[in-house]
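Biologist: Hi! Could you walk me through this one? I'd like to start with the whole chain and then look at a few details.

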Amino acid sequence: MDHAVALAEQDRRFADTLRGADLTAPVPTCPGWSLTQLLRHLGRGHRWAAQIVRERRDEPIDPRAVEGGKPPADDDGALEWVAGGGSILLDAVAPDPDVLVWTAVGPRPASWWIRRRLHESTVHRADAAIAIGAPYTLAPELAADGVTEWVELLVAGGRSPLADGESLHLHATDADAEWTLRGTASGLSFEPAHAKATVALRGPATDLLLAITRRRDVGSTVELFGAEPVWRSWLDRTPF
């Protein structure tokens, strides 16, 4: 998958979703935020990552100090601003994609940020669509990559949302992708394979991505098997 191409496309689709919308409207999946705040969060986040890469940082930057971190006051300008945020990151990464820079999970190659910001865009585009009642679609392979990236972040974070001995299995019905996560005494482990688990979710990759990121409840499109309390505990213990 070309994460760079996908990032630019998702940013454009995010902006297109909000074109003509009331940007003061609330975002139910991000309590306390308006669409303007969601837009600013995404566009500033891209620029924040770009500055970390460009300056070869080994520590995070105060978001308030991000260069170009405020969108224009007019709606059209703000939408163009957010649509171009990913391109700024791509330009920062291009000269040396392998140089190690700061990330929340330790030093990583600068190119790591492209995939991370891509899936910020995919999920926040869902937030925007939910807020205005617009349809939301995502290619199954891109959604599956988003699930994998989210799982990898949790594993790298070192804290397990599953108790020792508990397990969670995810099965994407429209992509060749399955994930089995296990809680252990030393943290969370993961393998991209089928296995019996304490609780399992089965459905389209996009719906699985939105379920594990707490954007959509399990229901008509995602089947839940096994111990529902373990799933609820997983949601309570994973970052927003």
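Modeller: Happy to. Keep in mind that this is a predicted model. Of the 240 residues in the chain, 49% count as buried.

Biologist: And how much accessible surface does the chain have?

Modeller: About 11,000 Å², and carbon and sulfur atoms hold 52% of that.

Biologist: What about the radius of gyration of the chain?

Modeller: The chain has 18 Å. A compact globule with 240 residues would have a value near 18 Å, so the two agree. Along its principal axes, the C-alpha trace spans about 50 × 40 × 30 Å.

Biologist: Which share of the contacts comes from residues 24 or more positions apart?

Modeller: Counting contacts with a separation of 6 or more, 62% are between residues 24 or more positions apart.

Biologist: Nice. How many helices and strands are there?

Modeller: The chain has eight helices and seven strands.

Biologist: Let's zoom in on a helix pair. At what angle do α2 and α5 pack?

Modeller: Helix α2, residues 35-54, packs against helix α5, residues 112-132, at an angle of about 175 degrees, and their axes are 10 Å apart. Angles over 145 degrees count as roughly antiparallel, so α2 is roughly antiparallel to α5.

Biologist: Which residues make that contact?

Modeller: On the α2 side they include L38, H41, L42, H46 and W48. From α5, W113, R117, E120, H124 and D127 are among them. By class, the contact has eleven nonpolar, five polar and three charged residues.

Biologist: You mentioned H124. Is it buried or exposed?

Modeller: H124, which is in helix α5, is buried, because its relative accessible area is 6% and the cut-off for buried is under 20%.

Biologist: What does H124 touch, leaving aside its neighbours within four places in sequence?

Modeller: H124 is in contact with L38, H41 and L42, and also with F14 and R215. L38, H41 and L42 belong to the α2 side of the helix contact.

Biologist: Switching topic: where is G86 found?

Modeller: G86 is in helix α4, which covers residues 85-93. Its relative accessibility is 0%, so G86 counts as buried.

Methods
Residues numbered from 1 in each chain as written. Predicted model: local features only at pLDDT ≥ 70, side-chain atom pairs only at ≥ 80, totals over all residues. Heavy atoms only, no water. Axes fitted to C-alpha atoms, helices over the stretch in contact; angles between N-to-C directions. Helix = DSSP H or I, 4+ residues; strand = E, 2+ residues; numbered from the N terminus. Parallel < 35°, antiparallel > 145°, perpendicular 65-115°, else oblique. Contact = heavy atoms within 4.5 Å. Nonpolar A, V, L, I, M, F, W, Y, C, P; charged D, E, K, R; others polar. Rg over C-alpha atoms; globule rule 2.2 N^0.38 Å. Buried < 20%, exposed > 50% of the residue type's maximum accessible area, 1.4 Å probe, protein only. Areas by Shrake-Rupley, 256 points an atom, 1.4 Å probe, with all protein chains shown as cover.
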